[in-house]
Number of protein chains: 2
Amino acid sequence: MDVNILLFPDFETLDAFGPVEVLGHVSDYVPRYVSPGGGIVHSRQKLPVMTEALGDADTNGILLVPGGQGTRLLVTDPEFIKMLGNAAERSAFCLTVCTGSALLARTSLLNGRRATSNKRAFDWVRGLNSAVHWAEHARWVSDGKYYTSSGVSAGMDMALGFIADQFGTRRAQDIARHIEYIWNSDQTADPFSQVKKV
Amino acid sequence: MDVNILLFPDFETLDAFGPVEVLGHVSDYVPRYVSPGGGIVHSRQKLPVMTEALGDADTNGILLVPGGQGTRLLVTDPEFIKMLGNAAERSAFCLTVCTGSALLARTSLLNGRRATSNKRAFDWVRGLNSAVHWAEHARWVSDGKYYTSSGVSAGMDMALGFIADQFGTRRAQDIARHIEYIWNSDQTADPFSQVKKV
């Protein structure tokens, strides 16, 4: 099964590559790095990644959508949102990290569903689509085939939660141990939901 | 100050980009992605990264060396080890993640110093250079300008520890909060040192 990691200018590096590290330990999952137009895409941390065009990808597998500064522009880009909507609809599972859920919310595919996002950007994200049931206090949320996580590092916890749902908790724990990651496995434990108040 | 991230075929994705995410929050640090020959380098998770040649880089700044499967070949590549040794010697600070310390150990620059590494690969790493004081139980270790971490995810904790040493603990905590990362800030707490026994 392909894992299509959808990159765009100014995506947040760890949003994408934390989950890639976790999902990469499932040998049946084949990571593919895609972007709307293909070619080199730079992350917010100036990382140049060579991508394939999303149009050339088989999008029936898993779609992973990072967040980051680049989402601020893309939420107002109807072509991008349409392309994302088509890919997310065809996907078996769609996982977003941080403000990746802002992009997905703009497709309407999250309408009536529970979702979460980065806690610093929460008011902005919520304002983009009030038909989504936004969870203010959650490390990650799953609703059907859609998984959405809180900011940046929460994507790794979500990816392990996704593995647990697909293959059992022991498999997720094995991967966490392999990468010496201390998994925050309780999706309701969200120390950063109070971030504005500290 | 440049942060030179030294990439090579089959480096472990998160070894490099976890610390990049952390260090990228210091605006004075400029990330540069380098490799011995420049051009596209693929991580173990098939991520194609465009790199500059290490020879063209200013290596007076911070040098970050990930680990991964690719280190198994490189420890026996005298040209690579010489190039790494020169860059590490010139660097203001040299940070390794996971089996990146195996590469650095081969340069002799860790001789007589404390260092650590991935806990699954520990016996292999230790066998490469017994003149290093290998710490079996440590999330990360610093000795002078050299920082070495345990496996994969430990690199993020080390990077935050490095920030704390440079700019104070509050700065490290701010970055951790910004990326919603639950920092394992005690470098002596290493739940994975027992990994072979579980």
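The stops below go from the interface to a helix, then to single residues and salt bridges.

**Before you start.** This is a predicted model, where local features need pLDDT of at least 70 and side-chain atom pairs count only at pLDDT 80 or more, while totals for chains, interfaces and linings use all residues. Residues are numbered from 1 along each chain as its sequence is written, chains are lettered from A and ligands numbered from 1 in the order in which they are written, and side-chain values use heavy atoms, with hydrogens and water left out.

**Stop 1: the interface.** Show chain A and chain B in two colours. The contact (heavy atoms within 4.5 Å) takes 40 residues from chain B and 40 residues from chain A. Together the chains bury about 3,400 Å², 64% of it on carbon and sulfur atoms. Buried area is the accessible area (1.4 Å probe) that two parts lose on being put together, summed over both. Now select B:Glu21, B:Glu180 and B:Phe192. They supply 20% of the area that chain B buries against chain A, more than any other three residues.

What holds charged partners across this interface: how many salt bridges does the rule find? It finds zero. A salt bridge is a side-chain nitrogen of Lys or Arg within 4 Å of a carboxyl oxygen of Asp or Glu.

Next, select H1(B). Helices (H or I, at least four residues) and strands (E, at least two) are DSSP runs, numbered from the N terminus. H1(B) gives the most to the side of chain B that touches chain A, with six residues.

**Stop 2: helix H6 of chain B.** Select 154-167 in chain B. Its 14 residues should span 20 Å at 1.5 Å a residue, and the end C-alpha atoms are 20 Å apart, which agrees. The expected span is 1.5 Å times one less than the number of residues. Is H6(B) mostly covered or mostly open? Eleven of its 14 residues are buried, including B:Met156 and B:Phe162. Buried means under 20% relative accessible area, exposed over 50%, partly exposed in between (1.4 Å probe, protein chains only). Just after H6(B), B:Gly168 takes a positive phi of about 100°.

**Stop 3: A:Ser149.** This residue lies in strand E10 (residues 146-149) of chain A. A:Ser149 is buried, at 0% relative accessible area.

**Stop 4: two positive phi values.** Most residues other than glycine have a negative phi. Select A:Asp10, whose phi is near 65°. It sits in the loop between strand E1 (2-6) and helix H1 (13-23) of chain A, and is partly exposed at 28%. Then go to A:Glu180, with phi near 50°. A:Glu180 is in the segment after helix H7 (169-178) of chain A and is buried at 2%.

**Stop 5: salt bridges.** Select A:Glu52 and A:Arg32, whose side chains meet at 2.8 Å, N to O. A:Glu52 lies in strand E4 and A:Arg32 in strand E2 of chain A, so the pair ties together parts 20 residues apart in sequence.

Now try A:Asp174 and A:Arg177, also bridged, with the closest N and O atoms 2.8 Å apart. Both lie in helix H7 of chain A, about one turn apart.

Finish at B:Asp143 and B:Arg113, a salt bridge at 3.2 Å, N to O. This pair links distant parts of the chain, 30 residues apart.
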